[in-house]
Amino acid sequence: MFGYIRPVQSELLVREYELYRAVYCGLCRYGGKHISHFTRFFLNYDFVSLALLRIAVTNETVTISKERCPYRFRKRSTMLAEDSYRLTCAAFAILLYYKTVDDINDSRGFKRIFKKMVLPFFSHIKNRVKGYDDLDKFIQARLLQLGTIEKEIGGVTSLDKVAHCFAGITEYIACYGMSEEKAQIAAQCGYHIGRYIYILDALDDIIEDNEKSTYNPLINKYGSVAEALAHTEEIKTTITDSMNAFSSVYGLNLIGDNPDRIKDYDNIIFNICDLGGKAALNRVLFSLAGYKGDIRR
Amino acid sequence: MTDPYKVLGVPHSATDDEIKKAYRKLAKQYHPDNYANNPLADLALDKMKEINQAYDTLMKQRTEGTSSRRNGRSSSGFHSGRTGGNDTFSRIRELITNRRIGEAEVLLQRMETSERNAEWHFLMGHVLYQKGWLQDARSEIETACRLDPYNAEYRAALDRMNNGSSYSPYTQTGDAGGCNSCQLCSGLLCADCCCGCLGGNRLCC
């Protein structure tokens, strides 16, 4: 996962920003303590947002305290939400392992040898996750399915059908172990997060994939990079649709009989879907703008 | 039984007007029309019912006996049993309403290419939207709108896809009928111009 799902910090209230940072800090700390210290270096915003979504939907009881960060040399607000963190860290460790396996298959030469050398290390991290065998099996099956689709270039041209495999993973992580109504809301939110990440990542990597001649769902759908970039508006619309759907579904979480609910979560999540999503999309489009001249070759 | 005050998000000391205002705001946000082709439409309908029930209870308590009639049902933007002259479409609409998306999709795909009219594309778009396949869904609904441009149901479905949560503070439009400093200044300048024509021009700027 790639760090696309995050809020626009300048639009948050200071207390909301502090809360978001506390979740980040808490997740980083929890992963370091229970999985491996090295997960702290790989943690990204997508998982923080997933953890936040789970905390917001389940309304988990949390504790916030000031803890000293060994890497920043000062005290920071840290939120502890045991249940959400345990699952998010487990999913993170499992995905980290499968991503490395996938990278080995994609790379060539020295890089491939190096990645093969570090694989046992990621395998060790994954093995430290206990009690989530079903999650592991599910992720493995979905990635295998995705790999099969990706192998037949020119096969499946529906962007949604390919994105469905990846979105299914985030959907499963988001609603894991929740009850009926909450599970429905979290599942839909998770699905749209995954779909958004998958399509945006494909757009981000389009030039690189074209040069290496590796699979990219957008090149596969539209035929070539030039053709895909000519349909930027269409891709932009479908990515924005995902964030709109996320925002709309999360709106259902707001009503209910919960006097203790921390309302700041909602604002952060709406910031993520309404502003953060667009900001990440614009960043990617901006980086692509420079290539428009030489993609016609 | 949930506390109706908490459902509407008002304190126990709230006046009738405050309750009405809170109710209207929530009803607007959770109106089933906003969630018509959403997979969680039935959940939205439940929430709406909850809001209506809370409002009715409060009004009943306050007016002592004269209950306001509100039955929790409103037009959902998706007509489950509409008879469009084709039994298969009515059957598919029923299946979609009952959350049997897989069966509805199979039925739709079985239909001949010659039978695939605007309604087929609309229903297919609806099924795909519920699956989360937004790009294919949008293209189907757009096709439906193109084939039958005057159909309000198809047009509304497309409009709903473009909107996020009405609760989100970031999607609400800013100055709804308000008057900001910029408008005030331009108003003054316009007034001054008019006065100038009529021999005034008192504003030194």
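The structure is a predicted model.

**Confidence in chain A**

- The mean pLDDT of chain A is 85, with 94% of its residues reaching 70 or more.
- In residues 293-297 of chain A, however, the pLDDT is below 50, and this stretch has 6 contacts in the model beyond near neighbours in sequence.

**Interface of chain B and chain A**

- Chain B contributes 34 residues to the contact and chain A contributes 38 residues.
- Trp133(B), Gln135(B) and Tyr170(B) supply 25% of the area that chain B buries against chain A, which is more than any other three residues supply.
- Polar contacts between chain B and chain A number 15 residue pairs, with both residues at pLDDT 80 or more.
- On the side of chain B that touches chain A, at least two residues come from each of α1 (4-8), α3 (41-63), α6 and α7 (134-147) of chain B.
- By residue class, that side of chain B divides into 16 nonpolar, 12 polar and 6 charged residues.

**Salt bridges across the interface**

- There are 2 salt bridges across the interface of chain B and chain A.
- The side chains of Arg138(B) and Asp241(A) form a salt bridge with an N to O distance of 2.6 Å.
- A network of salt bridges links Asp241(A), Arg138(B) and Glu142(B).

**Salt bridges within helices of chain A**

- Asp103(A) and Lys99(A) are joined through their side chains by a salt bridge of 3.4 Å, N to O.
- These two residues are 4 residues apart in helix α4 (residues 82-106) of chain A, so about one helical turn separates Asp103(A) from Lys99(A).
- Asp103(A) is partly exposed, at 23% relative accessibility, and Lys99(A) is likewise partly exposed, with a relative accessible area of 35%.
- In helix α12 (residues 232-250) of chain A, Glu233(A) and Lys236(A) lie 3 residues apart, about one turn of the helix, and their side chains meet in a salt bridge at 3.9 Å, N to O.
- Glu233(A) is exposed, at a relative accessible area of 55%, whereas Lys236(A) is partly exposed, at 28%.

- Glu119(B) and Arg93(B) form a side-chain salt bridge of 3.0 Å, N to O.
- This pair links distant parts of the chain, with Glu119(B) in helix α6 of chain B and Arg93(B) in helix α4 of chain B, 26 residues apart.
- Glu119(B) and Arg93(B) are both buried.
- Helix α4 (residues 87-97) of chain B has as its buried residues Phe89(B), Ser90(B), Ile92(B), Arg93(B), Leu95(B) and Ile96(B).
- Packing partners of the buried residues of α4(B) are α5 (101-110), α6 (118-131) and α8 (152-161) of chain B.
- Following α4(B) is Arg99(B), which has a positive phi, near 65°.

Notes:
Residues numbered from 1 in each chain as written. Chains lettered and ligands numbered in written order. Heavy atoms only, no water. Buried < 20%, exposed > 50% of the residue type's maximum accessible area, 1.4 Å probe, protein only. Contact = heavy atoms within 4.5 Å. pLDDT = per-residue confidence, 0-100. Buried area = accessible area lost by both parts, 1.4 Å probe. Salt bridge = Lys/Arg side-chain N within 4 Å of Asp/Glu carboxyl O. Polar contact = N/O pair within 3.5 Å; in protein donor to acceptor, adjacent residues only side chain to side chain. Nonpolar A, V, L, I, M, F, W, Y, C, P; charged D, E, K, R; others polar.
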